[in-house]
Amino acid sequence: MRIFYASDIHGSEPCFKKFINAATSYEADVLILGGDLAGKALVPIIDIGGGSYRASFMGKEYILRHEVEIQKFENNARMIGFYPRRMNSEEASRIKIEPDALDNAFESAIRLSLREWLKFAEQRLPKDVECYVMPGNDDTPVVEEVLNGSPRLLNTEGRKVILRNTYEMISFGQSNPTPFGSPREMEEAELAEELEALAAQLENATSSILNIHCPPYGTSLDYAPQVDEQLNLKTRWGRPCMIHVGSKAVLNVIKKYDPLLTFHGHCHESRGRDQIGRTISFNPGSEYINGILRGVIVDIVKKNKIRYQFVSA
């Protein structure tokens, strides 16, 4: 059985399409997308009359005078996980001063984008390929709402599934607390309870797969840049200070249940493989901001032996 796993695409349309196409490109039997599907922000494209629009993006101001220019701008924004939205000046003013209006517009953009992604997946996925997805800590409830409506991609959040009628897999997308106050976080004690309840469903834990968005604490998979209380990057000798930010609850559940392998995301900079007891753990990292999909191919062969290869596209 060949698995292709990726995570943390954060609204990048090219990355999602590459994920779906990985079924054919890498001849995978199973696709797993490990959370953080939604983008980071809305980008207003404001109508200023005469067929022209104004936009502010990545610290630059743009005047877009032709439809070709506007579409190019929109495509560039979508590529790195933002949601461009054309609007009049009245709507732009409203979302600037009314938090609820901004939240509603943002969630509407997420919903529309995900529905388009799911249509693409339903058209392109080979019929014999299993595809599993879940929300991550950065995903709002609208992500799970849309995923639950898909007839082709299965939302595995908080569930046990059987891959290819052979390997049990449990999935969990929430994380321990972060400095950013993301939508789906919980304290370590609660995280431990949730993971224990899930793992207790496993009938053959040592041959199982754990799909947990947050990586285990203190491994090579959970390094992230340190920030201060104002969310400014801490540096030393001109380089970011990297610290462990993973979950001790995740580490403990791996040690207790001794699964065959585990998949993680969350920490974009920590691409790699680690080993906890006999369990092999992976984090493919993320480079969605450049439209690059990072993933890992894992082949499970006889007697639970595995082969793996990290890939980028």
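**Note on the sheets, helices and domains of the model**

1. Helix H1 (residues 13-25) lies across S1, S2 and strand S7 (130-133), and runs at about 160° to S2. Helices (H or I, at least four residues) and strands (E, at least two) are DSSP runs numbered from the N terminus, contact means heavy atoms within 4.5 Å, and axes are lines fitted to C-alpha atoms, for helices over the stretch in contact, with angles from 0 to 180 degrees between N-to-C directions.

2. This is a predicted model, in which local features need pLDDT of at least 70 and side-chain atom pairs count only at pLDDT 80 or more, while totals for chains, interfaces and linings use all residues. Residues are numbered from 1 along each chain as its sequence is written, and side-chain values use heavy atoms, with hydrogens and water left out.

3. The strands S8-S7-S2-S1-S19-S20, in that order, form an open sheet of six with mixed pairing, where two strands pair if DSSP finds at least two bridges between them. Strand S8 (154-155) and strand S20 (306-312) are at the edges with a single partner strand each, so one side of each is left without a neighbour in the sheet. Strand S1 (residues 2-6) and strand S2 (residues 30-33) pair in the parallel sense over four bridges, and Leu-31 in S2 is the bridge partner of Phe-4.

4. Another open sheet of six strands, again with mixed pairing, has the order S9-S10-S11-S16-S18-S17. Its edge strands, S9 (160-163) and S17 (272-276), each pair on one side only, and neighbouring strands are turned by 25° against each other on average, direction ignored. Within this sheet, strand S11 (residues 209-212) and strand S16 (residues 261-263) pair in the parallel sense over three bridges, with Thr-262 in S16 as the bridge partner of Leu-210.

5. H6 lies across strand S10 (167-172) and S11, at about 160° to S10, whereas H7 lies across S11, S16, S17 and strand S18 (279-283), at about 175° to S11. Helix H6 (residues 188-199) and helix H7 (residues 248-257) pack at an angle of about 30° with their axes 8 Å apart, and are therefore roughly parallel to each other (angles under 35 degrees count as such). The residues making this contact include Leu-191 and Leu-195 of H6 and Val-250 and Val-253 of H7.

6. The protein chain is divided into domain 1 (2-40 + 124-312) and domain 2 (41-108), with bounds from an automatic or database domain assignment. Their centres, taken over C-alpha atoms, are separated by 31 Å, and the contact takes 14 residues from domain 1 and eight residues from domain 2.

Definitions and conventions. Parallel < 35°, antiparallel > 145°, perpendicular 65-115°, else oblique.
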